[in-house]
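Open the model in your viewer and keep the selection panel at hand. The tour goes stop by stop.

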Amino acid sequence: ALKAGIVGLPNVGKSTLFNAITQAGAESANYPFCTIDPNVGVVEVPDERLDKLTELVVPNKTVPTAFEFVDIAGLVRGASKGEGLGNKFLAHIREVDAIVHVVRCFEDENITHVDGKVNPVSDIQTINLELILADLESVDKRIDRAKKNMKGGNKQYAQEVEVLERLKEALYNDQAARSVELSDEEKLLIRDLHLLTMKPVLYAANVSEDGVADADTNPYVQQVREFAAAENAAVVPISAKVEAEIAELEGEDKAMFLEELGLEESGLNRLIKAAYSLLGLYTYFTAGVQEVRAWTIRKGTKAPGAAGVIHSDFERGFIRAEVVSYEDLIAAGSMNAAKERGQLRLEGKDYVVQDGDVMHFRFNV
Ligand code: GDP
């Protein structure tokens with residue numbers, strides 16, 4: 001499963017947010033393939049389309065799709081030099097697909113800030129610098145190796161060195177590797193370096209519990225937004241403390257609490273949706289009377305690969321898929337009506353699955 005890692009300086013609210021995530025917790029019986037680890041929280045991805053499909057099909061069971069948040073505590077200044085447990089945490093970041101960077105935008109005299117005062121942009125830069133320094137080390141090592149290999153007269157290494165030098169230049173100027181424009185071919189050359197600053201990032205601006213409704217006028221949040229805009233990153237204002245309280249409520253109580261706070265949706269839901277889109281993910285659906293279910297794929301996945309998310313046998317024995325788009329199905333009102341309208345397509349192994357496709361696979365066992 002795809003994972004987003006939660007990082008940030010100490011005392012910014014990471015554990016509080018992570019606890020809210022595990023509290024809100026997914027029905028783990030539905031996700032046997034997810035990691036069992038105290039540092040991993042499985043969340044269900046909220047999707048209105050799944051509710052609509054459930055109304056239409058009235059199945060025995062509805063299962064949302066899920067993904068994982070990993071709590072990566074302990075990243076501090078000096079981590080890239082291996083201070084404390086620093087290096088271990090950097091290694092954990094290497095394994096995630098995207099980064100959720102929590103920044104402190106709340107004031108509280110009782111909670112120490114590692115640098116003495118609340119300054120979200122400086123906090124972001126502190127963490128980013130550690131990631132950049134770690135990447136510089138990886139890039140330097142690789143340049144040495146590629147140069148040695150180049151002596152054999154191999155052109156591929158010359159191109160690799162050229163790409164690496166561009167990355168190095170950016171990193172030296174405190175720019176993340178993701179800010180360097182690379183062709184797909186160039187990306188492939190350096191993919192196995194797993195650069196930390198190449199991963200997509202979003203900022204979770206942790207505001208105080210009494211500031212959730214007007215988070216956007218919070219000057220700290222504005223500073224984070226300005227910073228994030230320059231690197232095309234998303235910002236989700238959230239109050240970790242409030243989310244921890246919301247996560248303990250259900251149904252009507254939850255709706256009432258949200259209304260009291262002046263929120264339409266919990267911050268956690270907004271964060272989950274933002275992380276999902278940051279990861280470049282699509283959702284397709286299966287809609288049978290037994291079960292209506294959402295499944296996650298990466299953009300660009302073909303039909304057999306999408307079938308493989310359900311079961312590897314579905315991929316191996318893939319014959320065809322019956323596909324109708326979510327919009328067409330809802331507009332038609334039933335699977336049969338969609339069929340009569342000619343909107344149920346038969347697609348083969350080269351079909352690229354679209355977000356919102358409702359699919360039925362035919363396969364050999
Ligand atoms: P971490 O070190 O980043 O994991 O931070 P924690 O989640 O442990 O939070 C550090 C302290 O800040 C705890 O005492 C939290 O209760 C408190 N805290 C977290 N979020 C908020 C918030 O939105 N408002 C206030 N006042 N305190 C918060």
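Predicted model: local features only at pLDDT ≥ 70, side-chain atom pairs only at ≥ 80, totals over all residues.

**Stop 1: the ligand.** Select the 18 residues around the ligand. G13, K14, S15, T16 and D108 come nearest. Now colour the shell by residue class: six are nonpolar, eight polar and four charged. Which helix gives the most to this shell? Show α1, residues 14–24. With three residues, α1 gives the most.

**Stop 2: the core.** Move to the largest nonpolar core, a set of 99 residues. Pick L202, A204, A205 and A275, which touch the most other members. Centre on A204. Leaving out residues up to four places away in sequence, A204 touches L17, V100, H101, V102, V236, I238 and L271. In soluble globular proteins, nonpolar side chains tend to be buried together.

**Stop 3: the annotated region.** Select 280–363. An unreviewed UniProt entry annotates these residues as "domain: TGS". Here the chain is 31% helix and 39% strand. The C-alpha atoms at the ends of this stretch are 28 Å apart.

**Stop 4: strand β8.** Select 281–287. Is β8 largely buried or exposed? Seven of its seven residues are buried, so the rest of the structure largely encloses β8. Show side chains. L281, T283, F285 and A287 point one way, while Y282, Y284 and T286 point the other. In a regular strand, side chains alternate between the two faces of the sheet.

**Stop 5: the partner.** Finish on F285, which stands opposite A294 in β9.

How values were computed
Residues numbered from 1 in each chain as written. Near = placed C-beta within 6 Å. Helix = DSSP H or I, 4+ residues; strand = E, 2+ residues; numbered from the N terminus. Nonpolar A, V, L, I, M, F, W, Y, C, P; charged D, E, K, R; others polar. UniProt positions renumbered as here; feature names shortened; annotations may be inferred. Core = buried A, V, L, I, M, F, W, Y, C linked by C-beta atoms within 7 Å. Buried ≥ 20, exposed ≤ 12 C-beta atoms within 10 Å, placed from the backbone. Contact = placed C-beta atoms within 7 Å. Pairing = 2+ DSSP bridges.
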